[in-house]
Amino acid sequence: RWARRARTQCVVCTEICLEPASLSCCSQHVCQRCAQQWARVQADEADDVSCPSCSQVLSDKELGGLLSAASLAALQDKRLQRSAVVRRGLVNAEDLDLSNDQLAQLGAKRCPACGSGIMK
């Protein structure tokens, strides 16, 4: 009887999924712990968190069940900062918080065409 029970495999750890996460974007199965770890790493490294299976960006509603409130707030803050830079236009040394000496060490300089962008 138990052998007939459907066993689902996690797409992240490839183990049997004992506690599946509720991701509405696709029909693949992910363990709750794997989904939480995946979301934490993606939130730290990027501005958006995508599904580990189908790569669709997860909504804040879904992330609320995977991330702590502080991590979700930090992710939303990163998104706001990114959108502010995009609205403002070109990135300059002040946006990167770099001095002209640090730019020289990196082999970067101000764009000769516009004077505000940075190029290598």
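In which segment is T14 found? T14 is found in the segment before α1, where helices (H or I, at least four residues) are DSSP runs numbered from the N terminus. The structure is a predicted model, in which local features need pLDDT of at least 70 and side-chain atom pairs count only at pLDDT 80 or more, whereas totals for chains, interfaces and linings use all residues. Residues are numbered from 1 along each chain as its sequence is written, and side-chain values use heavy atoms, with hydrogens and water left out.

Most residues other than glycine have a negative phi. In T14, however, phi is positive, near 60°, and this residue is partly exposed at a relative accessible area of 49%, a class that lies between buried (under 20%) and exposed (over 50%), as computed with a 1.4 Å probe on protein chains only. A positive phi, near 65°, is also found in S55, which is placed in the loop between α1 and α2 and is exposed, with a relative accessible area of 52%.

The charged side chains were examined next. A salt bridge is defined as a side-chain nitrogen of Lys or Arg within 4 Å of a carboxyl oxygen of Asp or Glu, and a search of the whole structure finds two of them. In one, the side chains of D48 and R79 meet at 3.3 Å, N to O; because D48 lies in the loop between α1 and α2 (60–63) and R79 in helix α3, this pair ties together parts that are 31 residues apart in sequence. D60 also forms a salt bridge with R79, with the closest N and O atoms 2.6 Å apart, and since D60 lies in helix α2 and R79 in helix α3, the parts tied together here are 19 residues apart in sequence. Through shared partners, D48, D60 and R79 are joined into one network.

A nonpolar core is a set of buried Ala, Val, Leu, Ile, Met, Phe, Trp, Tyr and Cys residues joined through side-chain atoms within 4.5 Å. The largest such core has 19 residues, and those with the most contacts inside it are L23, V49, L58, L63 and L67. Two or more residues are given to this core by each of α1 (32–45) and α3 (69–88), and the largest share, four residues, comes from α1. Leaving aside neighbours within four places in sequence, L67 is in contact (heavy atoms within 4.5 Å) with A39, R40, A43, L72 and L75.
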